[in-house]
Structure formats: structure tokens, C-alpha cells
Amino acid sequence: AVVSTQSTGEAESTEEVLENMRELRRDWFIGREDDEGWSESVLAGKKYLFSLYLNEDSVYSSRTLTLQLLPVDVGELNRTAVRALWTSLSFELYYLTNDDEERYSIQAHPNVLRNLLVQSADVPLGYPIYQSPLIMVPHL
């Protein structure tokens with residue numbers, strides 16, 4: 001059988017070729033995105049996924065996905081602190097009648113995420129939130 005050096009690396013012996021082929025089988029999924037093997041490979045945590053697809057211009061393109069660990073910061077906000085912030089906002093808007101679009105208090109206090117918390121309050125205190133329709137991703 002003829003094996004391309006592109007797929008097996010710079011192997012000099014049969015054993016090296018076989019090891020490279022085992023590595024390809026273990027770490028890669030090569031196939032269509034709508035193939036059942038794609039979903040199984042995602043769930044199995046394969047390091048690399050490769051597929052060809054026909055784009056809207058009728059041109060074949062490729063997609064390569066690489067499994068990576070990404071650091072993510074996660075935090076939790078105290079419910080009482082958020083409600084206190086919303087209370088101070090309602091005091092400012094209703095009793096002090098500050099209706100300026102860019103109120104100083106919204107921009108202040110970046111350490112307590114004030115801008116995001118004010119935006120998340122219900123209207124009329126906060127801002128209307130756009131919600132997209134449900135998005136389905138059939139490939140995963």
C-alpha cells in the first residue's frame with residue numbers, strides 16, 4: 001500500500017509509518033460534519049477534527065478544529081448586592097429624576113460590574129435586552 005508522507009510525517013521505517021498511522025487514527029477524525037462519527041469524535045474528545053464542505057459559492061472548503069484548554073474566569077454575584085444596586089438605581093431615576101442617558105453612576109464602579117448590572121435590570125430601570133430565536137447546532 002502506498003502511504004503519503006504528508007499524512008505520516010517524515011517516517012524512515014515501517015514502524016515509524018505504522019506509529020504515525022496509529023496517531024492519526026487516535027487523534028484525528030477526518031470526514032463530513034454531518035457524519036455520525038463527527039459527533040462521536042466530539043464527545044470522545046478527539047484532538048483534531050477535519051472536514052470538507054461545499055460553501056455557498058459552490059467551492060469546496062476545509063475546516064479543521066483543534067481541541068484546546070482555554071482558561072475561563074467564572075464568578076458569582078451576591079443576589080443581595082445586585083438588588084441593592086438596582087434599588088439605588090431606582091432611587092436615582094425616580095426620586096432624583098436623573099434621566100440622562102449616560103448617567104455617571106452607570107459608568108462608575110467597574111469593580112462591581114455596575115454597568116452590566118444596571119443594563120440587566122428590568123425596564124424601565126435597565127435597558128431592553130435582545131433575545132435571539134433558538135439556534136440549533138445539529139452537528140454536535
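Biologist: Which residue stands opposite Tyr48 in β2?

Modeller: Trp28 does. A strand is a DSSP run of E with at least two residues, and a helix is a run of H or I with at least four, each numbered from the N terminus. This is a predicted model, where local features need pLDDT of at least 70, side-chain atom pairs count only at pLDDT 80 or more, and totals for chains, interfaces and linings use all residues. Residues are numbered from 1 along each chain as its sequence is written, and side-chain values use heavy atoms, without hydrogens and water.

Biologist: In which sense do β1 and β2 pair?

Modeller: Two strands pair if DSSP finds at least two bridges between them. Here β1 and β2 (residues 48-54) have 3 bridges, in the parallel sense.

Biologist: Which helices pack on the sheet?

Modeller: Look for contact, meaning heavy atoms within 4.5 Å. Helix α2 (residues 14-27) touches β1 and β2. Its direction makes about 75 degrees with that of β1. Axes are lines fitted to C-alpha atoms, for helices over the stretch in contact; angles run from 0 to 180 degrees between N-to-C directions. Helix α3 (residues 36-44) touches β1, β2 and β3. Its direction makes about 150 degrees with that of β2.

Biologist: What is the strand order of the open sheet?

Modeller: The order is β1-β2-β3, with mixed pairing. β1 (28-30) and β3 (60-66) are at the edges; each has a single partner strand, so one side of each lacks a neighbour in the sheet. Neighbouring strands are turned by 15 degrees against each other on average, direction ignored.

Biologist: How many helices and strands does the protein chain have?

Modeller: It has 6 helices and 3 strands. From the N terminus, they run α-α-β-α-β-β-α-α-α.
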